[in-house]
Amino acid sequence: MTIANSSTSDDLGSAAQRERRKRILDATYELARSGGFDAVQMRAVAEQADVALGTLYRYFPSKIHLLVSALGRQFEDAAGRMHEKEIPGDTPGDRVLWVLKWMARGMQGDPKLTEALTRAFMFADSSVAAEIHVVGMAMTSIVTHAMHGGTPEDGEITDEDVAIARVIGDVWLSALVAWVTGRSTAAETAAHMEKAVHLILRD
């Protein structure tokens with residue numbers, strides 16, 4: 001089984017539309033990095049991205065759609081970087097933990113952005129299902145890639161691999177929420193994920 005690339009708006013429309021969408025998401029990142037969730041206001045994003053407010057709403061119906069899409073792009077970018085390298089570690093659990101720690105360091109190093117993206121993910125409802133799907137597919141791709149040592153052959157990834165990766169992804173996102181909301185320290189989050197991954201993969 002292979003993990004198909006999720007179909008996002010980046011794959012659709014004209015080059016001008018893709019460039020406009022990129023500017024919007026870039027502006028979202030900049031505002032979130034400087035001021036967190038509250039700083040990402042639709043009018044401010046439109047001004048920063050140099051698009052009309054109505055155009056912004058055609059691309060993203062709400063702030064939550066916008067921020068979850070930004071999280072999806074962040075995860076897709078991480079998946080792309082992971083697929084360019086072999087993942088260190090002797091076992092699937094070791095490799096998955098290496099990747100999750102690598103991602104966590106990046107997100108913990110940009111706390112306001114991480115807080116904004118994670119809060120949006122927490123607040124998302126059924127109208128944001130497509131954007132949530134992108135996040136989930138990217139996370140599944142990252143984990144299955146790590147499980148197979150970074151060099152999976154076509155057909156090597158099984159349905160069971162995907163199911164395991166989804167569970168690990170769900171646990172990791174839950175741990176991220178706990179860290180963002182102050183219910184867990186970075187060290188506690190890392191220990192929780194290490195225990196969960198070894199229990200799930202039974203290395």
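**View A. The annotated domain, residues 18-78.** The UniProt record, an unreviewed entry, places the feature "domain: HTH tetR-type" at residues 18-78. In the predicted model, this part of the chain is 80% helix and 0% strand.

**View B. The annotated DNA-binding region, residues 41-60.** The name "DNA-binding region" comes from the UniProt annotation of an unreviewed entry, which assigns it to residues 41-60.

**View C. The crossing of helices α1 and α4.** Helix α1 comprises residues 15-35 and helix α4 residues 63-82. Their axes come within 10 Å and cross at roughly 95 degrees. Because angles of 65 to 115 degrees count as roughly perpendicular, α1 is described as roughly perpendicular to α4. On the α1 side, the contact is formed by R21, K22, I24, L25, D26, T28 and Y29. The α4 side contributes L66, L67, S69, A70, R73 and Q74. Sorted by class, the residues in this contact are 6 nonpolar, 3 polar and 4 charged. In general, a pair of packed helices is described by the angle and the distance between the two axes.

**View D. The largest cavity and its lining.** The model has 1 cavity of 30 Å³ or more. The largest cavity holds about 30 Å³ of space. Its lining consists of L71, T118, F121, L173, L176 and V177. Two elements, α6 (111-123) and α8 (159-180), each give two or more residues to this lining. Helix α8 supplies the largest share, with 3 residues. By class, the lining has 5 nonpolar residues and 1 polar residue, and no charged residues.

Note on methods:
Residues are numbered from 1 along each chain as its sequence is written. This is a predicted model: local features need pLDDT of at least 70, side-chain atom pairs count only at pLDDT 80 or more; totals for chains, interfaces and linings use all residues. Side-chain values use heavy atoms; hydrogens and water are left out. UniProt positions are given in the numbering used here, feature names are shortened, and annotations may be inferred rather than shown by experiment. On a 1 Å grid over the protein atoms alone, a cavity is a set of points where a 1.4 Å probe fits but cannot get out, and a pocket is an open set with protein on both sides within 12 Å along at least five of seven lines; lining residues have an atom within 4 Å of a point. Grid points are joined across faces, edges and corners, and a volume is the space filled by probe spheres set on the points. Helices (H or I, at least four residues) and strands (E, at least two) are DSSP runs, numbered from the N terminus. Ala, Val, Leu, Ile, Met, Phe, Trp, Tyr, Cys and Pro count as nonpolar, Asp, Glu, Lys and Arg as charged, and the others, Gly among them, as polar. Axes are lines fitted to C-alpha atoms, for helices over the stretch in contact, and angles run from 0 to 180 degrees between N-to-C directions. Angles under 35 degrees count as roughly parallel, over 145 as roughly antiparallel, 65 to 115 as roughly perpendicular and the rest as oblique. Contact means heavy atoms within 4.5 Å.
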